[in-house]
Amino acid sequence: MDSRGYAVRTEQFPAVAAELVKAQVDAILAGGAAAARAAQAATRTIPILTLTDDMVAQGLVASLARPGGNTTGISILATELDSKRQEILMEMVPAGRRMAVLADANTAAPQNMRRYRRRRARGVELAVHLVERPERIGPQIEEARRAGAEALNVLASPILYARRLDIFERTAALRLPAMYQSPEFAEEGGLIGYGPRITQMFRQLARQLAKVLSGEKVSDVPVEQPTTFALAINLQAAKAIGFEVPPSLVLRADKVIEE
């Protein structure tokens, strides 16, 4: 078995996809829409399994039930969940009037970013900060804080996930409360996370891969979505930045990390 794993920059995706096709791998696992599109451009026959925001809206599959082509995977409801996280963040910082959104420019849907820029929910002004490459994450967080952001919503993204520890460190240094895309983020040191467990989604992806490798046509393997969601709050991280999480939110959490 030839199992290859890559952690590369977005602009390297086409070359990596071409290399995998040349190696005649049995399947390609692609994290995020940019990686999936590069794989689709490289092959119409090798099965592609991806975990991304909205596989239908991003044009990666024809439908959830019948994806067609050579791609299936997990569609993570990112648009709906990012909005839900924003609501929780505003509940966590009820007096906040200026908040920031940190988004990956390679995956952020333009219509969603316009919606965030227009939104003044409950009198809260939201500023969108896009990052095109990993080294811009820290400067964008700092810019958000300088502009007066009182809290940060870190949207779902492969790049932002890969650099989550850097984000924890930078937001802690700036004493900036931040919301993340899954409960695991809070367990690893972030302040608060809401969404499906990453481990759960990869188990779903593994089951799909097993079907494909056993001979099932990838076009007949339905795209799946998360079915359970959890809220985790790290009170230790809150204490480190001098932030008090509202007791009502702590009571609602599925998991509270205290030490």
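Modeller: First, a definition: rings of Phe, Tyr and Trp (its six-membered ring) pair if their centres lie within 6.5 Å; planes under 30 degrees apart count as stacked, over 60 as edge-to-face and the rest as tilted. This is a predicted model, where local features need pLDDT of at least 70, side-chain atom pairs count only at pLDDT 80 or more, and totals for chains, interfaces and linings use all residues. Residues are numbered from 1 along each chain as its sequence is written, and side-chain values use heavy atoms, with hydrogens and water left out.

Biologist: Which residues do ring pairs link into a cluster?

Modeller: A search of the whole structure finds five aromatic pairs. Ring pairs join residues into a cluster, and its members are Tyr161, Phe168, Tyr180 and Phe185.

Biologist: How are the rings of Phe168 and Tyr180 arranged as a pair?

Modeller: A pair of aromatic rings is described by the distance of the centres and the angle of the planes. For Phe168 and Tyr180 the centres are 5.0 Å apart and the planes stand at 80°, so the pair is edge-to-face.

Biologist: Are Phe168 and Tyr180 buried or exposed?

Modeller: Buried means under 20% relative accessible area, exposed over 50%, and partly exposed in between (1.4 Å probe, protein chains only). By that rule, both Phe168 and Tyr180 are buried.

Biologist: Which helices hold Phe168 and Phe185?

Modeller: Helices (H or I, at least four residues) and strands (E, at least two) are DSSP runs, numbered from the N terminus. Phe168 and Phe185 form an edge-to-face pair, 6.1 Å centre to centre with 80° between the planes. The pair ties together parts 17 residues apart in sequence, because Phe168 lies in helix H7 and Phe185 in helix H8.

Biologist: How far from the ring centre of Tyr161 is the charged end of Arg164?

Modeller: A charge sits over a ring if NZ of Lys or CZ of Arg is within 6 Å of the ring centre and within 35 degrees of the ring normal. The charged end of Arg164 sits over the Tyr161 ring, and its distance from the centre is 4.2 Å.

Biologist: Where is Arg66 found?

Modeller: Arg66 is exposed, with a relative accessible area of 63%. Its C-alpha atom is separated by 28 Å from that of Ser182, 116 residues apart along the chain. Arg66 is found in the loop between strand E2 (48-52) and strand E3 (71-75).
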